[in-house]
Amino acid sequence: MDAAKMLLLSPPSTSLSSIKPHGFLLTYKRPKLQPPLKVLAMAKDSSESGNGVAEKAAIAGGLVANPVIAWSLYTLKTTGCGLPPGPGGSIGALEGVSYMVVVGIVGWSLYTKAKTGTGLPNGPFGLLGAVEGLSFLSLLAILVVFGLQFLQNGSIPGPLPSDQCFG
């Protein structure tokens, strides 16, 4: 193919000066584009779903519940019993509510994942996303420690204090 035919097949911005006599290499000079636009935007602080109160309650509950569950699982693994009832049963109640909060957050996350294809929104300062991740880790730890407890003792302690643990 000679240089004239190659020039006809090349993009319109190619000039004759870009044809090298011994190699017939053509170069394409890209037309100058406008400078990139700068886009300034502000993200909304809360989620698009409008669950501001539910998100804040999940954050507060999850930030308290996950450490309580870690304490509970450590106590269960080392002593074979859950947390002691405490004054007026307050520590035992906190333990039970913490398990329900974590299961609730994981359930909400799975429901949202099935419905929208993504997990929970990050929430303010990314705290809801952090609580969601910690809740999944707590659920994994619950399954591991309860499974080990069941394999070693043949059962896991019940929700109420028993003679075996706090009699």
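A: T75 sits in helix α2, residues 52-79. Helices here are DSSP runs of H or I with at least four residues, strands are runs of E with at least two, and numbering starts at the N terminus. The model is predicted: local features need pLDDT of at least 70, side-chain atom pairs count only at pLDDT 80 or more, and totals for chains, interfaces and linings use all residues. Residues are numbered from 1 along each chain as its sequence is written, and side-chain values use heavy atoms, leaving out hydrogens and water.

T75 has a relative accessible area of 13%, so T75 is buried (under 20% is buried, over 50% exposed, in between partly exposed; 1.4 Å probe, protein chains only). Its side chain reaches the backbone oxygen of W71 at 2.8 Å. T75 also touches G80, C81, G82 and L83, with residues up to four places away in sequence not counted. Contact here means heavy atoms within 4.5 Å.

Now the helix itself. Two packed helices are described by the angle between their axes and the distance between the axes. The axes of α2 and α3 come within 8 Å and cross at roughly 125°. Axes are lines fitted to C-alpha atoms, for helices over the stretch in contact, and angles run from 0 to 180 degrees between N-to-C directions. α2 and α3 are therefore oblique to each other. The classes are: under 35 degrees roughly parallel, over 145 roughly antiparallel, 65 to 115 roughly perpendicular, the rest oblique. α2 passes α3 in a left-handed crossing. Left-handed means the near helix is turned anticlockwise from the far one by less than a right angle; clockwise is right-handed.

α2 and α4 pack at about 25°, with axes 9 Å apart. That makes α2 roughly parallel to α4. This crossing of α2 past α4 is left-handed.

Next, the rings. There is one aromatic pair. The ring centres of Y99 and F146 are 6.1 Å apart and the planes meet at 35°, so the pair is tilted. Rings of Phe, Tyr and Trp (its six-membered ring) pair if their centres lie within 6.5 Å; planes under 30 degrees apart are stacked, over 60 edge-to-face, the rest tilted. Y99 lies in α3 (residues 90-116) and F146 in α4 (residues 127-153), so the pair ties together parts 47 residues apart in sequence. Y99 is buried at 18% relative accessible area. F146, at 27%, is partly exposed.

Last, the loop between α3 and α4 holds F125. F125 is exposed, at 81% relative accessibility. Its phi is near 60°, a positive value in a residue other than glycine.

Notes. Polar contact = N/O pair within 3.5 Å; in protein donor to acceptor, adjacent residues only side chain to side chain.
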